[in-house]
Amino acid sequence: MSSRTFSDSSLIGVVGVGSFGTVIANMLAEKNQVLVYARNAEVVAEINENHTAQGKSMHESIVATQDPQQLCESCQTIFFMVPSSAFQDVARKFSPFLQPYHLVIHGTKGLCLDLPEGQSLDEVKNLDRNRILTMSEVLQKETVAVRVGCLAGPNIAKELSKGQPAATVISSKFNEVILEGQRLLRSEKFQVYGNSDIIGVELSGVLKNIIAIAAGALAGLGLGENAKGLLISRGMVEMVHLSRALGGSVKSAFGLAGVGDLVTTCNSVNSRNFTVGYRLAKGEKLPQILDEMEEVAEGINTVKIIKGFLEASDLRAPITENLYRVLFEDLEIEEALQFLMKYPFNVDVDFV
């Protein structure tokens, strides 16, 4: 670690320095001293010596460490900014050092599975809700952290890094987590709302990634704004029904983490999920797209998990089901679109 040290007890921790983690660390560093964790020694050295993380600029006051114990002992509030594919492993790595007094806020829009060791999703015959974990549920399962929160909303890292106006929502069952998140992140260009329905907020952020992939595919096919409006509105209905089935509320789906993030990611070339759909529609294959992406498109894993959940329930989610066939069964996007256009949706809104 750098020779710089902190004596201030207000040190804030950030776990993960991908694009979003770097942006959040920089935003926090405008008002606080920040200690970031990276598992790669070269990245830690780059941050401490050059004030960059994998080429991305970092605030000069930010210090990096490779030691989970040091971060947990130095920081009372910790932001977990880790992809869902690595989230469980990272939570386990931090588990010996996290205490009930810590405030932990994650910013991961994905799901994990609670499966017996060595078992994969493909081997599960009945994927019920108890096997599907949101990130707050992972933290509560793997650690003794109690005051857990989630950060979600239309927060495209590239725009935030430029200081463009945006907003987010901090969700937690604990009001002190919401208030602390607002205190740390709110600024003239960044509004922070609160929501007590953490599961609903997490699910909204997760499920909209499915619709974002489909929106990218429509854009790649050049099908116009009418088709996009149709997809977003029907996608919203599907999100509501899936969120309800998984334990979320309709209210959160209509908030910043739901419709706010849905509209943003369905219209942004800077969205990784949108980009996957767009490139698929241009004829590229999924393995090639994923190999060339620097960071994970969370919607891919979400589609697989939700498809497994649908098979174990009486629910239908036609957009998700057909997107699964496009991603993993080589169904042509045009054929999936034709199926959706013929699907017997008889009622516009059926959940209010």
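1. A residue counts as buried when its relative accessible area is under 20%, and in this predicted model Phe80 is buried because its relative accessible area is 0%. Phe87 is likewise buried, at 0% relative accessibility, and Phe94 is buried too, with a relative accessible area of 0%.

2. A pair of aromatic rings is described by the distance of the centres and the angle of the planes. The count of aromatic pairs comes to five. One of them joins Phe80 and Phe87, whose ring centres lie 5.9 Å apart with 45° between the planes, an arrangement classed as tilted.

3. Phe80 also pairs with Phe94, and here the centres are 5.4 Å apart while the planes stand at 70°; since planes over 60 degrees apart count as edge-to-face, this pair is therefore edge-to-face. Phe80 belongs to strand β6, which covers residues 77-80, whereas Phe94 belongs to helix α4, which covers residues 84-94, so the contact ties together parts that are 14 residues apart in sequence.

4. Taken as a group, Tyr37, Phe80, Phe87 and Phe94 are linked by ring pairs into a cluster.

Definitions and conventions
Residues numbered from 1 in each chain as written. Predicted model: local features only at pLDDT ≥ 70, side-chain atom pairs only at ≥ 80, totals over all residues. Heavy atoms only, no water. Phe/Tyr/Trp six-rings, centres within 6.5 Å; stacked < 30°, edge-to-face > 60°. Buried < 20%, exposed > 50% of the residue type's maximum accessible area, 1.4 Å probe, protein only. Helix = DSSP H or I, 4+ residues; strand = E, 2+ residues; numbered from the N terminus.
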